[in-house]
Amino acid sequence: ILHSTQARFRAPLVWPDTILVATRVTQPWPDRFTMLYEVRSRSLGCLAAEGSGVIVAFDYRTLAKAPLPDLICERMAQLEAGA
């Protein structure tokens, strides 16, 4: 479940443009992780926006946060390692 998010807009995007969106996981905890985001404009050749979001594992049966599933942790580690 999305705990919090923030964004900083650095340059306006104008149609038509091609953008590149990149994300990575940082600060993994047993029950949450932070994702960082970048949006780059090809026509401007610069960073157009950046942000982050904190995602918390949530059990809807108990209505409480929960540990991240092992499979999710393994996949995040693989992506960060470039696998």
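A nonpolar surface patch joins nonpolar side chains within 5 Å of one another, taken from residues with over 30% relative accessible area and no salt bridge. In this predicted model, L13, I19, V21 and L44 make such a patch, of about 350 Å². One of them, I19, belongs to strand 2, which spans residues 19-26. I19 has a relative accessible area of 42%, so it is partly exposed and passes the 30% cut-off for a patch.

The interior comes next. Nonpolar side chains tend to be buried together in soluble globular proteins. Here the largest nonpolar core has 7 residues: V25, F33, M35, I55, A57, L68 and M76. Leaving aside residues up to four places away in sequence, M35 touches T23, R24, V25, G51, S52, G53 and I55.

Charged side chains form 5 salt bridges. One of these pairs D31 with K65, at 3.2 Å from N to O. This pair links distant parts of the chain, 34 residues apart: D31 sits in the loop between strand 2 and strand 3, and K65 in strand 6. D31 is buried at 13% relative accessible area, whereas K65 is exposed at 52%. D31 and K65 also belong to a network of salt bridges that includes R32.

Another salt bridge joins E38 and R40, with the closest N and O atoms 3.3 Å apart. Both ends are partly exposed, E38 at 30% and R40 at 36%. In the bridge between D59 and R61 the corresponding distance is 3.6 Å; D59 is buried at 18%, while R61 is exposed at 77%.

Finally, the structure holds 0 disulfides.

How values were computed
Residues numbered from 1 in each chain as written. Predicted model: local features only at pLDDT ≥ 70, side-chain atom pairs only at ≥ 80, totals over all residues. Heavy atoms only, no water. Core = buried A, V, L, I, M, F, W, Y, C linked by side-chain atoms within 4.5 Å. Buried < 20%, exposed > 50% of the residue type's maximum accessible area, 1.4 Å probe, protein only. Contact = heavy atoms within 4.5 Å. Disulfide = S-S within 2.5 Å. Patch = residues over 30% accessible without salt bridge, like charges linked within 9 Å, V, L, I, M, F, W, Y side chains within 5 Å. Areas by Shrake-Rupley, 256 points an atom, 1.4 Å probe, with all protein chains shown as cover. Salt bridge = Lys/Arg side-chain N within 4 Å of Asp/Glu carboxyl O. Helix = DSSP H or I, 4+ residues; strand = E, 2+ residues; numbered from the N terminus.
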